[in-house]
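Welcome! Keep the structure open beside you as you go.

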Amino acid sequence: MSQQGDIQALVAELDDAKDQRGLRSPVITLTGPAGIGKSEVTARALEIWPTDSTVRVVGTEIEQPLALAGIDQLVRRLDGVVEGDTSTATLLEMLTSGEPTPELMVGGALITALDSFGAVGGFLVIDDAHWIDETSRRIIAFALRRLGDDAPVTLVVERNDTGPMTTRGRTIPVSGLSSTETAALLEDRFPAAGVDGATVQGLTAGNPLAVIEFAASASTPTELTHRIGEHSDHFDDHAVESAIRHRVGALPPTTQAALFLLAVAHDGDDLHAVWSDLQVDGSTPLLDALGPARDAALVAGGTAPRFVHPHYRTIAESAAASSRHRTIRTTLARASDNADHAAWQLALAADGFDDDVADLVDATAQRAFDRGSPIEAARAFEAAARLTSRNAARADRLLQSASAWWYGDHPSEAGRTADLAAACQVDAVRRAQAVKMKRWAESWDTPALHTIRVLLDEARAVESSSANLATALRLSCVFEACLAAEIDLARDVVDDAVRIREQTVSDPTTPLSIALRAARAFVRIVAGEVPRSLEALADPEACQDIELLWMLGGFPPEKLPTDSLNLLQLVGWAQMVIDDWDAADDVLSDLHSEAHKRGAVAIADFTTGCLAEIDRRRGRWASSMSRASAVVDIVPGRVSLGTTLQLAVRARLQAARGDAEATACAEVAIANLSDNQLFTAEAMARGALITVAIADGRPHDALTQVGLIQHKAEAGGGREAGATWIDIDHIDALCAVGDDDALGALSVRLLEQHQHTDRLWTGAVGWLARALHTARTNGGPPPADDVERALALFDELGAPFEGARARLLLAENGLAESIDMPELISQFRRLGARPFAARSEAVTKSSSDPSVGLADLTPAEVRVAVAVAAGRTNGEAAEALFVSVRTVDAHLRSIFRKLDIRNRVELTRMVGLSDRRSS
């Protein structure tokens with residue numbers, strides 16, 4: 001396809017997007033390499049496809065390091081476009097208030113603003129999207145995915161060598177010029193030259209910028225013809241850059257200075273005032289100074305000059321003399337009323353170390369971090385470090401950069417800046433901090449035992465110089481060991497850490513001392529050593545530790561520094577282990593909100609996975625699936641421990657529903673994990689494979705997976721039965737293969753654990769296993785007490801799916817008369833657990849048609865169903881889901897039709913969320 005074909009294709013897509021608005025995503029992405037003519041194709045298409053209201057945002061390199069710079073530009077362009085719309089004013093207040101601006105809050109407000117813009121037929125163009133700051137790219141992409149019927153037609157123009165801003169809608173790759181078009185372009189530049197267009201097209205691959213620069217490299221048609229004969233290879237990117245640099249260098253010094261000012265100025269800077277302050281070449285006006293650049297077709301525009309191509313901007317910036325560049329940037333900084341803009345200008349103007357400027361950039365970094373933009377903060381901290389003269393202060397800023405990269409879920413960058421910090425000539429304490437951050441960053445690819453060994457060595461090395469750092473390093477070891485299910489090792493490390501802490505720090509009320517004792521309580525809980533009722537725990541010190549752990553759970557997360565938020569994850573995790581789901585939900589929900597506000601992506605991902613698992617256990621499968629799919633919806637393709645946990649939960653749900661995707665989802669989750677990481681996620685993913693194997697009639701394969709989980713847990717000292725909730729799968733598989741001896745042994749182990757801890761889960765599955773073992777080996781019904789105890793504990797636990805599975809197993813093993821089979825079948829159907837509903841029907845030999853369940857809804861419909869079933873109005877649901885009210889209305893009509901229900905009461909009953917509203 002030639003450029004003319006690209007233009008026609010774009011116009012056709014714009015027409016189609018406008019016609020189909022409300023039926024499909026009206027987003028079009030135009031991609032191609034630098035210089036291929038994306039902006040020109042866009043401009044030519046818009047001449048053919050005029051609109052009443054167009055808003056254009058352009059990403060620039062100078063804005064890329066600034067947090068939310070892209071959003072700020074977009075909102076200022078939108079402000080006042082729609083009469084009576086106040087959403088842009090709300091957004092501007094968020095961006096200028098100086099208060100933290102959570103991504104989701106900004107995203108929600110942006111959706112409202114774009115929704116209003118789309119309702120009046122607005123057209124949004126985001127040009128050079130690859131230069132927009134990362135936080136803005138993420139928020140804009142989120143908004144574009146969430147917009148409904150009133151979404152504006154949106155054109156995203158970006159290079160194809162960067163990650164796409166959004167995967168929604170259609171993508172048009174821009175191709176090079178055809179031979180005819182190349183000849184026409186040359187004819188326009190060199191009339192009557194008679195140049196062979198096909199030859200030049202071959203030399204430049206039809207890249208318009210390369211064609212222009214190739215032609216501009218000759219001063220006469222004869223010279224151009226001679227140059228064509230000289231070239232046998234492609235006129236590549238390097239040749240293009242050299243040609244542009246030569247042209248810029250040939251301009252008068254005053255013009256070069258004016259070009260540099262134009263290149264480095266921020267959107268909104270008063271160029272004419274700054275030029276006047278510079279007093280370059282007497283009193284030559286800026287537009288006159290730019291005259292030669294305009295004649296050379298490097299800039300265009302009247303009173304508001306602009307570069308014809310981003311390449312010209314880049315080279316104009318790099319070609320300026322260093323003395324001139326420092327003067328111009330310093331003048332721009334003085335004239336700017338934006339502290340972040342000014343700080344970056346001064347940083348780029350600095351020649352060597354400058355501690356005063358470093359402090360300004362450090363403040364910019366802190367503001368970005370406080371606004372929930374850790375990526376931009378990381379870049380600013382690193383820039384501040386480069387300007388810092390003292391080794392210790394430089395290392396501290398590099399460590400802050402590494403920490404920001406880490407919380408922004410960029411572990412490779414965190415490792416790189418940690419290495420830079422370690423390379424500074426620093427003391428043992430800072431070196432240990434760098435090693436700690438490096439190990440965190442590498443934990444995805446490094447075995448846990450190796451990481452723990454390195455961190456313990458560092459803790460011993462800094463013991464005498466910093467007891468607090470030594471404690472923090474040992475705490476990291478405890479966390480790593482628990483993630484890897486190395487519980488015995490975690491116990492040894494934490495006990496040793498407490499002993500050393502008590503010897504070196506006499507005050508037991510310091511934050512690190514409390515954190516250490518809380519971590520010790522956590523280890524005891526995941527090791528299965530703590531009873532449900534603390535009154536049954538004879539060890540007063542252990543009771544105090546656990547009370548400290550619960551106390552941390554009640555501490556407002558917004559009062560904690562970001563590093564301390566990790567402790568709240570332990571609290572929520574511990575409450576999940578002991579099945580105190582209400583408490584875990586409260587802690588993790590508050591933590592999740594705070595993590596989003598601060599841009600702590602890694603923590604937000606992990607808490608999302610935990611909350612999805614809590615919903616799954618409670619039978620709130622629609623809500624669980626919505627949470628477990630969040631990462632795909634918000635940041636497609638990102639992989640972390642938390643996102644892998646979400647994948648594992650989703651796989652378990654899919655397996656229980658009989659979805660064909662369950663196995664692939666579980667295998668992806670397992671492949672994402674190394675042998676020593678996040679055992680809980682691995683166990684959940686293997687639990688999905690167990691469920692699938694049982695449903696497919698492969699119980700021996702199911703037992704193989706059970707063995708893998710149990711072996712790893714027992715090898716590391718994990719004895720908390722049910723922590724990964726595969727016990728009922730184990731019972732199901734043993735019944736299927738007829739291994740009654742193993743079933744009996746399992747019942748003994750579970751009931752012993754129940755006697756020790758009084759946990760509901762261990763008692764429920766223990767009594768179930770014993771009842772089934774008795775029924776299968778004695779040839780008659782088991783004692784009624786065993787069955788009643790099991791079912792009562794399942795009901796008290798509040799896990800409807802597992803309770804229904806227990807009843808199904810009893811019915812399949814000759815106890816159907818004691819089970820309400822119609823209600824059991826109905827419960828499996830309500831959950832969407834099709835394989836288990838079919839098994840229940842087989843027991844009763846029912847021929848009734850299976851009813852439609854929630855599994856038949858689309859992901860968007862599931863989200864709406866969950867929100868409405870939680871008691872929200874359509875307007876409240878739209879606000880919570882960041883969609884329009886009309887989108888909610890349309891989804892509800894589809895939901896009612898698919899589920900064959902008539903009102904919200906029936907929907908609430910089916911989704912199973914009525915108890916959430918009342919609580």
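A cavity, in these exercises, is a set of grid points where a 1.4 Å probe fits but cannot get out. Keep in mind that this is a predicted model.

**Exercise 1. Find how many cavities of 30 Å³ or more the model holds, and give the volume of the largest cavity.**

Step 1. Apply the rule above with the cut-off of 30 Å³ or more, and the count comes to three cavities.

Step 2. Turn to the largest cavity: its volume is about 60 Å³.

**Exercise 2. Work out which residues line the largest cavity, and which helix gives the most to that lining.**

Step 1. List the lining: Arg616, Trp621, Arg652, Ala656, Thr691, Ile728, Asp729, Phe801, Glu802 and Arg805.

Step 2. Look for the helices behind these names. Helix H34 (641–657), helix H38 (727–737) and helix H42 (800–815) each supply at least two residues of the lining.

Step 3. Pick out the main contributor: H42 gives the most, with three residues.

Step 4. Sort the lining of the largest cavity by class, and you get five charged, four nonpolar and one polar residue.

**Exercise 3. Describe the second largest cavity: how much space lies in it, and what lines it?**

Step 1. Start with the space, which is about 50 Å³.

Step 2. By class, the lining of the second largest cavity has four nonpolar, four polar and two charged residues.

**Exercise 4. Decide how helix H35 runs relative to helix H36, and which residues make the contact.**

Step 1. Locate H35 at residues 662–672 and H36 at residues 679–695; their axes come within 8 Å and cross at roughly 155 degrees.

Step 2. Angles over 145 degrees count as roughly antiparallel, so H35 is roughly antiparallel to H36.

Step 3. Name the partners. H35 brings Ala662, Thr663, Ala666, Ala669 and Ile670, while H36 brings Ala685, Arg686, Ala688, Leu689 and Val692.

Step 4. Eight residues of the contact of H35 with H36 are nonpolar, one is polar and one is charged.

**Exercise 5. Is helix H18 roughly parallel or oblique to helix H19?**

Step 1. H18 (residues 339–349) and H19 (residues 355–370) pack at an angle of about 140 degrees, with their axes 9 Å apart.

Step 2. That angle makes H18 oblique to H19.

Step 3. The crossing of H18 and H19 is left-handed.

Step 4. On the H18 side, Ala339, Asp340, Ala343, Trp344, Leu346 and Ala347 meet Val357, Leu360, Val361, Thr364 and Arg367 in H19.

Step 5. Sorted by class, the contact of H18 with H19 holds eight nonpolar, one polar and two charged residues.

**Exercise 6. Find how helix H30 runs relative to helix H31.**

Step 1. The axes of H30 (residues 581–598) and H31 (residues 601–618) come within 9 Å and cross at roughly 150 degrees.

Step 2. This makes H30 roughly antiparallel to H31.

Step 3. H30 passes H31 in a left-handed crossing.

Notes:
Residues are numbered from 1 along each chain as its sequence is written. This is a predicted model: local features need pLDDT of at least 70, side-chain atom pairs count only at pLDDT 80 or more; totals for chains, interfaces and linings use all residues. Side-chain values use heavy atoms; hydrogens and water are left out. Axes are lines fitted to C-alpha atoms, for helices over the stretch in contact, and angles run from 0 to 180 degrees between N-to-C directions. Helices (H or I, at least four residues) and strands (E, at least two) are DSSP runs, numbered from the N terminus. Angles under 35 degrees count as roughly parallel, over 145 as roughly antiparallel, 65 to 115 as roughly perpendicular and the rest as oblique. Contact means heavy atoms within 4.5 Å. Ala, Val, Leu, Ile, Met, Phe, Trp, Tyr, Cys and Pro count as nonpolar, Asp, Glu, Lys and Arg as charged, and the others, Gly among them, as polar. On a 1 Å grid over the protein atoms alone, a cavity is a set of points where a 1.4 Å probe fits but cannot get out, and a pocket is an open set with protein on both sides within 12 Å along at least five of seven lines; lining residues have an atom within 4 Å of a point. Grid points are joined across faces, edges and corners, and a volume is the space filled by probe spheres set on the points. A crossing is left-handed if the near helix is turned anticlockwise from the far one by less than a right angle, and right-handed if clockwise.
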